[in-house]
Every structure is written in structure tokens, then in C-alpha cells.
Amino acid sequence: MSDRLFQSIAEQITDLIRDGEFAPGSRLPGERELAERFGVSRVTIREAEIALQAVGVIRIKTGSGVYVSDTALADAARLPNVSAFEVTEARALFESEAAALAAPIMSDGDLAKLDNLLAVMAEETDPESERASAADREFHLTIAAASGNRAIIHVIGELWRLRNELPEVRTTHEAVCQKDSSTRHAEHLRVVDALRAHDPKAARLAMRQHFHRLQQAMLDVTEERDLTELKRKSAESRERFLMSVRI
């Protein structure tokens, strides 16, 4: 649990850096202030800062303090040019295994959190509202964190960055989510049921089926979008032809 806690704090600090609250080169608040802000111990803050220094987000200067790296934002903004299909394929691989790893050790607290997140997603009429999207992301990251594997947690976090920050990927997901919110909710329920049963194979399968269905829905949406674009271009071409006939 303590491993997941400091990882969560490290992610929250990184988000604050990305949002501009802590600028590159600036000094972070002291351990005591951060501990009070996040409601954790100073030891947890220290562990989070060590993790952030390891990936180059901050620099710890003995006797001086903790500083945001000058290149932190530039490095954070450097994302690969990948498609929605590639992101979803990678998520299927990593998140299915994360679910399998999490299943035997899933705590009652994590299960209660997943139940609450499912309730939030079910309440929202717009599946792509800010509240619903945040709950969906937290749902998947909670399962990743429960796996206890920091490398997997990091990779899944980065895949969610690709899903949310690359315009083409985000647009494709939005189109899919508008059409299949009820199906997605049922799939999430099956994942939680498998985790509650502490069944690794069932958890892996439920998560894999969720992503396989998502990939199929993406194929349908992109095909529909391509057909719409083809019709638009055809109509424009027809209009130009008719204009030339009238001259």
C-alpha cells in the first residue's frame, strides 16, 4: 500500500508541474508543507521525490531543497505520433496483465473505490463529460496501481497520456464512447467481479475482452468517418462539375 501511495503522490506532483503550478527551475515547497497538502507523511513525500528525481522530473540539492528540472515540461510534452489503434492494442496488453496481477491481492479498499467509480460513470448521462472521463481514467489506474508493479504502473500512466493528449486518439475515443456507454459499463462490471473473486484468469480475460470490443468499435467508427468524408468529397466534386457545365 505504501508503494502505491508514494507513486500516487509522485503523479500528483507531476500533474501540478504540467499544469504550471511549479515552473521549471522553481523550488518545490518543503516536505512538511507538501505532507500537509497531500495528507501524507513526510516519509511518503521523500519517497515520491526520490522517484521523481529518478525519472528526471526534479533535482534534489542537499542543503538547498528540491527543484523542478528545467527540461521537465519539454520532456513531458514529447509524445510519439501513434494511432488510437496502437494505443488501444498496447493498453490491452498491459492492462490485462495488470488486472491479472492485481486480482489475488486486491484489497477491500481498492474494490470499494472501483465500485464508487463505477457508480460515478453510471450516473453521468454524457460518457465523455469531465467527471465521467476522470472516473474512467481513475478506474483503470486504480487497477494498475493494485498490481504493485511500478514499471507496469508507469507504462499504463503514459498510455493514458497518449489516450488523452493526442488529438486524433482522443477524438476517436470520444466517438466510440458516445455510442457504447452501456456496453462499456457492463464490461467494467465484469472486470470488478473477477477482481472481487480474486481470479487472475477471469480478470485478465474480462479486461482483454473489454479492449477487443473497443478495438472493434474503433474500426466501425473510423469506417463510418471515412465514408462520411468520402461522401463529402464526392459532393464537392459533383458541385464543381455542375458549375463547369453551367459555364
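Author: A residue is called buried here if its relative accessible area is under 20%, exposed if the area is over 50%, and partly exposed in between, using a 1.4 Å probe and protein chains only. The model is predicted, so local features need a pLDDT of at least 70 and side-chain atom pairs count only at pLDDT 80 or more, while totals for chains, interfaces and linings use all residues. Residues are numbered from 1 along each chain as its sequence is written, and side-chain values use heavy atoms, with hydrogens and water left out.

The part to look at is helix 7, starting with A135, which is found there. Helices (H or I, at least four residues) and strands (E, at least two) are DSSP runs, numbered from the N terminus. A135 is buried, because its relative accessible area is 4%. Contact means heavy atoms within 4.5 Å. Leaving aside neighbours within four places in sequence, A135 is in contact with L117, V120 and M121.

Side chains of opposite charge can pair when their charged atoms come close. E138 forms such a bridge with K113, and the closest N and O atoms are 2.7 Å apart. This pair links distant parts of the chain, since E138 is in helix 7 and K113 in helix 6, 25 residues apart. E138 counts as partly exposed, at 28% relative accessibility, and K113 is partly exposed too, with a relative accessible area of 35%.

A salt bridge at 3.2 Å, N to O, joins the side chains of R184 and D136. Here again distant parts of the chain are linked: D136 lies in helix 7 and R184 in helix 10, 48 residues apart. D136 is buried, with a relative accessible area of 6%, and R184 counts as buried at 10% relative accessibility.

A nonpolar core is a set of buried Ala, Val, Leu, Ile, Met, Phe, Trp, Tyr and Cys residues joined through side-chain atoms within 4.5 Å. The largest one has 35 residues, and those with the most contacts inside it are M106, L114, F139, I143 and L195. The elements that give it two or more residues are helix 5 (84-102), helix 6 (108-123), helix 7 (130-146), helix 8 (150-165), helix 9 (167-177), helix 10 (181-196) and helix 11 (200-246). Helix 11 gives the most, with eight residues. In soluble globular proteins, nonpolar side chains tend to be buried together. I143 touches A98, A99, A102, L114, V191, L195 and M207, not counting residues up to four places away in sequence. A second, separate core of 18 residues includes I9, L16, L52 and V68.

In helix 8, E158 and R161 are three residues apart, about one turn of the helix, and their side chains meet in a salt bridge of 3.3 Å, N to O. E158 counts as partly exposed at 28% relative accessibility, whereas R161 is buried at 8%. T172 is found in helix 9 and is buried, with a relative accessible area of 0%. Its side chain reaches the backbone oxygen of E168 at 3.0 Å.

Finally, the whole. The protein has eleven helices and two strands, and its elements run α-α-α-β-β-α-α-α-α-α-α-α-α from the N terminus on. Of its 247 residues, 41% count as buried. Among contacts between residues at least 6 apart in sequence, 70% join residues at least 24 apart. A search of the whole structure finds twelve salt bridges, and E31, R42 and R46 are linked in a network of them.

Key. Polar contact = N/O pair within 3.5 Å; in protein donor to acceptor, adjacent residues only side chain to side chain. Salt bridge = Lys/Arg side-chain N within 4 Å of Asp/Glu carboxyl O.
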